[in-house]
Structures are given as structure tokens and as C-alpha cells.
Amino acid sequence: MNEHQISTKHKKPSGFENTKIYGIGCSVESARLRRVIRLVLKQIRRRAPEDFKRIRSRVNEIAPLSDDSAAVGRFEGSGGDFETQGIVRISESDISSIATLAHEFGHACTRQEEYHRRMMDYDDKQLISELCATFYAYKWGFGRLVRRHPGIFEYPPGSTFEMGPSGDVRRYRVTRGFRIHEM
Ligand SMILES: [Zn+2]
């Protein structure tokens, strides 16, 4: 979507410019949130230029998430594969926006191989996709912030959980590399 289409689709208050942030189209209006987006992308670029490149190629827009949504952020991939482009959405009222953005960019950055590798540990698409996203948030230095907001991710490294049908409940531990080990 080009910038002209975006600016005609949403009515912007005067003075708002639908500029790009580090080359990614951004229709978020809040100046505070735009600063946060810039800061998060800047840190990713500094820590992991390859990941930054991948995010730029996969995310075609950063857009607001409507406040009636229960979530604070989301990566809307158009395909469900690991290559098609998608939109990162972030709630303008999210008080944990740094951690949320890092996690959502983590979804965009996830590579097919690592997803499949983790699926061999534990066969749960939702959980594994969350593990992959948070792995990146930690890798880029946002781990402390993510831990402070357990709603974003409930399985920090070192945590354990039990899963399985009654009679066959198994215990698992999340490793520092965001792999799942049966205990
Ligand atoms: Zn997620």
C-alpha cells in the first residue's frame, strides 16, 4: 500500500504526516508511540542488523490496533507462511508498548527453520509461535521489559508448566534458548 492510499483511507488531523519510520510505513498518529516505535527499531538495528533487514522486508505497515480489541498488539501476516508481508498493529493505549512491539516484531522476524525446530520439542503451534517471538524480544535486549508484563508472554526462560490428558500429565521446562524440554 502506498502512502497516498493510506492518507486517503484514514482521515488524519491536520499536521499529521504518514511518514515512514526506518523505511516502514506507519499510520500510528500518537507522537509518543511513534517515538517508541523508532526507539525499538533502532535498538533492533543496532543489536541485530540481519533481523532488522528481515523485519523491514516483512512488515509493510505499523498501524493502530482498535482499542476494543482485547490484545495490545498483533502481527497480521497475510499468508501464515514465513515470507509474506504483514502489518504490525499496536494499541495506542498500551502502557507496555516497548515490550509489546518487540514481541510483535519478533513474530515478523521468526524464520521457518527455528519454528519447526521448536515444534519438534513440543507440538503446539500457538505456544511455539509465541516462544519464537519472545526469543527475539530477549535477543534484542527487551527481556527485562517483557518479563515485567507477563500478559505478553507467560513462559519466561526457566519457567515450568504441566500439560497433557489426565493420567498422562507431563512436566516441561522452558530453556534459556526458548526451547521446551520435558522434565
Ligand atoms: Zn504473540
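The model is a predicted one, in which local features need pLDDT of at least 70 and side-chain atom pairs count only at pLDDT 80 or more, while totals for chains, interfaces and linings use all residues. Residues are numbered from 1 along each chain as its sequence is written.

Burial was assigned from C-beta atoms placed from the backbone: a residue is buried if 20 or more other C-beta atoms lie within 10 Å of its own, exposed if 12 or fewer, and partly exposed in between. In helix 2, the buried positions are Leu33, Ile37, Val40, Leu41 and Ile44. They cover an arc of only 95 degrees around the axis, which puts them on the same side of helix 2; the arc is that of the directions from the helix axis to the C-beta atoms. An α-helix has 3.6 residues a turn, so residues three or four places apart point the same way. Ala31, Arg32, Arg35 and Arg46 are exposed on the other side of helix 2. The cover over the buried residues of helix 2 includes strand 1, helix 3, strand 3, strand 5 and helix 4, where contact requires C-beta atoms, placed from the backbone, within 7 Å.

Helix 3 (residues 49-58) has Phe52, Arg54, Ile55 and Arg58 as its buried residues. Seen down the axis of helix 3, these buried residues fall within an arc of 160 degrees, so they line one face of the helix. Pro49, Glu50 and Lys53 are exposed on the other side of helix 3. Among the elements covering the buried residues of helix 3 are helix 2 (31-47), strand 3 (59-65), strand 5 (86-91) and helix 4 (97-109).

Strand pairing was assigned where DSSP finds at least two bridges between two strands. Three strands form an open sheet of mixed pairing in the order 3-5-4. Strand 3 and strand 4 (73-77) are the edge strands, each pairing on one side only. Neighbouring strands of this sheet are turned by 20 degrees against each other on average, direction ignored; the axes are lines fitted to C-alpha atoms, and angles run from 0 to 180 degrees between N-to-C directions. Strand 3 and strand 5 are joined in the parallel sense over six bridges, and Pro64 stands opposite Ile90 in strand 5. Strand 6 (residues 160-163) pairs with strand 7 in the antiparallel sense over four bridges, with Arg171 in strand 7 as the bridge partner of Glu162. The hairpin of strand 6 and strand 7 has six residues between the strands, and in this hairpin Gly164 takes a positive phi near 130 degrees.

Tyr22 has a positive phi of about 50 degrees and is placed in the loop between strand 1 (20-21) and strand 2 (24-25). Tyr22 is partly exposed, with 16 other C-beta atoms within 10 Å. Phe178 has a positive phi of about 60 degrees and is found in the loop between strand 7 (170-174) and strand 8 (180-182); Phe178 is buried, with 23 other C-beta atoms within 10 Å.

Overall, the secondary structure of the protein comes to seven helices and eight strands. Buried residues make up 31% of the 183 residues.

Terms used
Helix = DSSP H or I, 4+ residues; strand = E, 2+ residues; numbered from the N terminus. Contact = placed C-beta atoms within 7 Å.
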